[in-house]
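This briefing is meant for a reader who is meeting the structure below for the first time. Please look over the sequence and the model before going on to the notes.

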Amino acid sequence: MWCLQLLLSLLMIIKDVSSQWNVWMPRDISTMTNSCVVIPCTFMYPSGVRPYRGVHGIWYFGQPYPQFFPPVVFKSRTDIVHESYKGRTRLLGDLAQRNCTLRIGSVGTEHAGRYYFRADLGGANIFTYPDFSELKVLDQPNIDVPEEIVSNENLELTCYAPDNCPDVSPEITWLYAEYLPDPQFVSDYLEESNTAVLSSTLAFVPRPMHNGMMLGCRVHFPNTTFAYERLITLDVKYPPRSVWVNVTQEVMEESSVTLFCEVDSNPVPRVSWLFEGEVLLTETALNATLVLEGLDPSQEGLYTCVGDNGYGTMNSSMYLAVKFPPREPWVNSSQTVLEGSSLSLYCTTQGNPPPTLTWLKDGVLVGTITAEEESVLELEELTPQSDGVYRCLAENEHGRASSSLNVTVEFAPVLLEESKCTVVREGVQCVCIASGNPEPTVEFHLPDLNLTVNESEKRFSFYAHTDGHTTTGMIKLREKAHQGGDGGAGVNVHCSVSNVYGSDTVRLELQQEKKYMMAVIVGTIGGVAVIAFIIAAVRYVGRNNKKENGIPGQDLGSKLENPSLFYSAVKKDKQSLRKKVTELLGSKFSSILEESSTGEDGDYQPVSAMAALERQELNYAALEFMGVRPRDGASAQGDDGSDYTEIKAK
């Protein structure tokens, strides 16, 4: 029952519609320039209206109101049409059959717009339908492109060509598709509302390399010269696929450097420079430049450029090395240690490249050379010789720096072998030499007198001197009563040295004469022999000069009158003789010859007679051996305290 009621309702609606002024035509229709187009049209009028003298129709362009005189496209009563439509339009439908289909040929772009139909049934039964069909005149085909093309995602592009001209049918081909990876083509024919469209779909998977690539479709009509093309540029979105930055750079401190970053992505990325997690620069661009000035070592490290465009992120890093000469090394403070102990000396510095560290003691290399920023010098079982200035030298190709410290080794006093007593002109002199750190004090003890001497007084002359870690003490015993009854043989002097680490006492022995007896004998004999040899040589030279330099009419007296000539000859022979004597007897006796020739290199001594030259008497020769102990019961001292031996020339 309800179905019957629905059917009756539909019939009533159709009847009502058929009794009104209505028209049907496609709202939109398109064609290519220079082609034709057929606009399908069907109109209705009230059933109660009876056409008077037939049914007539008019097509207007632009607007439906005749009072505004719109351009007439077609008019069934007359051939009067607008200039631009002359010879271009004709009615394909039968108005009596309520078919108002219109054909427009040789369509140009000026014909694009809205078309209205007006029914004329005679008399007052004239009606302009408000509905219209809008014609689009294309000079190139349409390509349907997605709003977003993403790399590595399937893409479909569709090219459309209108097929609303019954005279010709279009064909579609794709341009530059041969450069695509595995393209697929699908054609289709769409017909809707009495309009037709031919389409061709291109499917492929775009890559970043296809961004900016040109693609196109071509529409042509067979057996005509009509051809239409449309080109598009692919805008392929892809995440950053490369981030290029500088290679690792090495620069000196206080200089400047420019870091470059270039990102390949679509759309334009946001580029950021980061250092140790801190953002230094951000720009929306395909590249970003970071300028660093006045570099210091703290700016050395890894710099990262990050590109982010919403489709992905990529980064790349580079290392910036800041070169600088070694800084002043840090070393221990000066150290004071006890002999025999151990010590570690530390040296730490910074430099780029890492410096070599060298330990020097008093300018001499100690330890090993280390190519690091830290070096440890181990000193084992320190001795007094370890005392000194230790310097750590840091060097690299850009400069050098050093720091020093003092190592002081303290030790108990040690008496040196030079400590002794000797006989001098004034009496007996005792010397006590000791080395220690801190510097030792020196005292002399005279057990026979139960006396300690550490300063000068009337009876004793005391002297003390400190040089570095060595202390020298000296005492002179002026009175024989202090020396012993035998003039020194009974000397009894003790030396005591001490510092905070210990003390030592030793009896100072008077040097023994027997140790030097052989030296005295040999020296005496040698001296006599040398002097005798010199005398003989002088005589020999004199004779030779007399023979070689003799001139007739000139005697010895004349030579003596010219002492310069005679002295020069003697001097020459004496120099030759001195050389021979030195070669035979050694350098020990050369000093004797030097003394004998005193004055020869300066003013010569005049000679008064030959006899005086040949007959010279040697009174004595004195050989002084300091500190020689005299034989028991004998004294070798002269009145002036000198030792000598008298030699008479017979």
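The model is a predicted one, and the values given here are computed from it. The protein chain has 650 residues, of which 39% are buried, and its secondary structure comes to seven helices and 43 strands.

**The chain as a whole**

- The accessible surface of the protein chain amounts to about 37,300 Å², and carbon and sulfur atoms account for 50% of that area.
- When contacts with a separation of 6 or more are considered, 63% of them in the protein chain are between residues 24 or more positions apart.

**Disulfides**

- A disulfide is a covalent bond between the sulfur atoms of two cysteines.
- With sulfur atoms within 2.5 Å taken as the criterion, the count comes to seven disulfides, and three of these, including the one between Cys 36 and Cys 165, are described below.
- Cys 36 and Cys 165 form a disulfide in which the sulfur atoms are 1.6 Å apart, and this pair links distant parts of the chain, since Cys 36 is in the loop between β2 (28-32) and β3 (37-39) while Cys 165, 129 residues apart from it, is in the loop between β14 (155-162) and β15 (171-175).
- The torsion about the S-S bond of Cys 36 and Cys 165 is about 95°, and the disulfide is therefore right-handed.
- Cys 36 counts as buried because its relative accessibility is 3%, where buried means under 20%, and Cys 165, at 7% relative accessibility, counts as buried as well.
- Another disulfide joins Cys 421 to Cys 430, with an S to S distance of 2.0 Å, and both of these cysteines are buried.
- The S-S torsion of Cys 421 and Cys 430 is about 105°, so this disulfide is right-handed.
- Cys 432 and Cys 495 also form a disulfide, with their sulfur atoms 1.7 Å apart, and here the torsion about the S-S bond is about -80°, so the disulfide is left-handed.
- Because Cys 432 lies in strand β37 (residues 427-437) and Cys 495 in strand β42 (residues 493-499), the pair ties together parts that are 63 residues apart in sequence.
- Cys 432 and Cys 495 are both buried.

- Tyr 176, Tyr 179, Met 214 and Leu 231 make a nonpolar surface patch of about 420 Å².

**Glu 253 and its surroundings**

- Glu 253 has its place in the loop between β21 (249-252) and β22 (257-266), and its side chain makes a polar contact of 2.9 Å with the side chain of Arg 327.
- If the neighbours within four places in sequence are left aside, Glu 253 is in contact with Leu 295, Pro 297, Val 322, Lys 323, Phe 324, Pro 325 and Arg 327.

**Ala 96, an exposed loop residue**

- Ala 96 is found in the loop between β7 (89-91) and β8 (102-104), and with a relative accessible area of 55% this alanine is exposed.
- Although Ala 96 and Gly 54 are 42 residues apart along the chain, their C-alpha atoms are separated by 7.4 Å.

How values were computed. Residues are numbered from 1 along each chain as its sequence is written. This is a predicted model: local features need pLDDT of at least 70, side-chain atom pairs count only at pLDDT 80 or more; totals for chains, interfaces and linings use all residues. Side-chain values use heavy atoms; hydrogens and water are left out. Helices (H or I, at least four residues) and strands (E, at least two) are DSSP runs, numbered from the N terminus. Buried means under 20% relative accessible area, exposed over 50%, partly exposed in between (1.4 Å probe, protein chains only). Patches are made of residues with over 30% relative accessible area and no salt bridge: like charges are joined within 9 Å, nonpolar side chains (Val, Leu, Ile, Met, Phe, Trp, Tyr) within 5 Å. Accessible areas come from the Shrake-Rupley method with a 1.4 Å probe; for residues, only the protein chains shown count as cover. A salt bridge is a side-chain nitrogen of Lys or Arg within 4 Å of a carboxyl oxygen of Asp or Glu. A polar contact is a pair of N or O atoms within 3.5 Å; within protein, one must be able to donate a hydrogen and the other to accept it, and residues adjacent in sequence count only if both atoms are side-chain atoms. Contact means heavy atoms within 4.5 Å.
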